[in-house]
Every structure is written in structure tokens, then in C-alpha cells.
Amino acid sequence: MAHVVIINGTNSESSRIQGVQQYIEQHVEEARSIEVYKLPAQALVTADYTNEVIQAANRLIEQAQVIIILTPVYKASYTGILKTFLDLIPQKGLENKVILPIMVGGSAHHLLVIEYALKPVLSVLGATTILQGVYLIDQSIERTAHGFTIQEEARERLQSQLQKLRKEPIFLS
Ligand SMILES: Cc1cc2nc3c(=O)[nH]c(=O)nc-3n(C[C@H](O)[C@H](O)[C@H](O)COP(=O)(O)O)c2cc1C
């Protein structure tokens, strides 16, 4: 079983992205999560590599074979707080890992954001195996009294990428 780490780049406890994180945690055994908004803000904005919470998060990433990146679309890109954390990952810190990017936007207008915004940064961090990823829109994730309900079509697209992950040699070894 591969070590799977989720990096959740939302800045809100009630974000629909949390529904995606919960869905993945239910379907991927022993996935660990780094929720960027819970990391020390001062360390993020001052790029403090020496902060021990940041170092612990980076150790999780170092040990991971699979990284799932979750973020809402903000201003036609990923969130600013996600970038503050990506900037603290050591050079080539995503080398030899399989990456699955998942983004949620308000509409389909920024459907290509994973390609033009997120993937270049992941490549600079050394990632060479980046799955196609999933772009969802708000309407496909409903907030309910008990959490979130993800529409079937969106669940199928998430499952399809999770299946691809499971076929990666890194995941099977
Ligand atoms: C500051 C900000 C900027 C946003 N920019 C975009 C955008 O450029 N394109 C888009 O599709 N959605 C945009 N959205 C909408 C969010 O991506 C979308 O609603 C997402 O699911 C976040 O919703 P949440 O409140 O569930 O986290 C933006 C939302 C915020 C708060």
C-alpha cells in the first residue's frame, strides 16, 4: 500500500473542497492530510522553513508516494495559501511521486486551470507523473446538514482518477 498524502489548499472550514477530502479519505485507505489553513500562518507568510509544524508536514510529503492536491479556484488559479505552502516544499520535493490534482471552481470557465496554473508548479517541484486530475464545479457538491453530498457524475470522475492511481506501480508495490 502506497503512502498517500492529501494537501488541502482551501482556506475555509466549510469549503466544498472539504467534501472532496472526506470522499477521498473514505475511499483511499490510510490517507494522511495536510490542511494548509491549519498550518501556522506566520510561518507560511514568512516562508519559515525552520518551523516545526511546517517541517512535520514536509516529512509527510517526503514519505508519501502519492500526493493528492485539493484546492478551490481563486482568481483563475489555485489559492494563495496553497502557494505559500508549495513554496515551502524543498526543491524537487515531489520527485518520484504520483500526483493527483483536484480543483473545484464556481463555474466551468476555468476548466483548464489545472493545466495552466497548477501543473507547471508541480513540475518545478520535480513531479513527472501527474494524473489528468479532476475539475468540479460548485453545483456538483451540495452542502447538507450532515456535511456534503457529491453528485453521481462528479463521484464517477473522482473514482475514475482514483482507479488510475491504484493502477500506478508505486501504489501497488
Ligand atoms: C476569492 C475567490 C475567488 C474566486 N475565483 C474564482 C475563479 O476565478 N473562477 C471560478 O470558477 N471560481 C472562482 N471562485 C469560486 C470558487 O472557486 C468556488 O466557489 C469554490 O468551490 C470555492 O467554494 P467554497 O466556498 O465551497 O470553498 C472564487 C471564490 C473566491 C472566494
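The buried residues of helix α5 are covered by elements that include β3, β4, β5 (129–130) and β6 (134–137), where helices (H or I, at least four residues) and strands (E, at least two) are DSSP runs numbered from the N terminus, and where two residues are in contact if their C-beta atoms, placed from the backbone, lie within 7 Å. The structure is a predicted model, in which local features need pLDDT of at least 70 and side-chain atom pairs count only at pLDDT 80 or more, whereas totals for chains, interfaces and linings use all residues. Residues are numbered from 1 along each chain as its sequence is written.

Helix α5 itself comprises residues 113–124, and its 12 residues reach 16 Å from the first C-alpha to the last, close to the 16 Å expected at 1.5 Å a residue, the expected span being 1.5 Å times one less than the number of residues. Within α5, V113, I114, L118 and L122 are buried; a residue is buried if 20 or more other C-beta atoms lie within 10 Å of its own, exposed if 12 or fewer, and partly exposed in between, with C-beta atoms placed from the backbone. When α5 is viewed down its axis, these buried residues fall within an arc of 70°, so they line one face of the helix, the arc being that of the directions from the helix axis to the C-beta atoms. On the other side of α5, Y116, P120 and V124 are exposed, and just after the helix G126 takes a positive phi of about 100°.

Helix α3 (residues 52–63) can be described in the same terms. Its 12 residues should span 16 Å at 1.5 Å a residue, and the C-alpha atoms at its ends are 16 Å apart, which agrees. The buried residues I54, A57 and I61 of α3 fall within an arc of 65° when seen down the helix axis, so they line one face of the helix, while E52, A56, R59 and Q63 are exposed on the other side. The cover over the buried residues of α3 includes β1 (4–8), β2 (32–35), α2 (41–45) and β3 (66–72).

I54, which is found in α3, counts as buried because it has 20 C-beta neighbours inside 10 Å. Not counting residues up to four places away in sequence, I54 touches L39, A43, D48, Y49 and L88, and its C-alpha atom is separated by 8.3 Å from that of L44, 10 residues apart along the chain. One of these partners, D48, lies in the loop between α2 and α3 and is partly exposed, with 15 other C-beta atoms within 10 Å. Leaving aside neighbours within four places in sequence, D48 is in contact with A43 and I54. In strand β2, R32 is partly exposed, with 14 other C-beta atoms within 10 Å, and touches V5 and L60 when residues up to four places away in sequence are not counted.

Backbone angles draw attention to two loop residues. Most residues other than glycine have a negative phi. E30, in the loop between α1 and β2, has a positive phi near 55° and is exposed, with 9 other C-beta atoms within 10 Å. A47, in the loop between α2 and α3, has a positive phi near 50° and is likewise exposed, with 11 other C-beta atoms within 10 Å.

The chain as a whole contains seven helices and eight strands. The C-alpha trace spans about 40 × 35 × 30 Å along its principal axes, and buried residues make up 35% of the 173 residues. Of the contacts between residues at least 6 apart in sequence, 79% join residues at least 24 apart.
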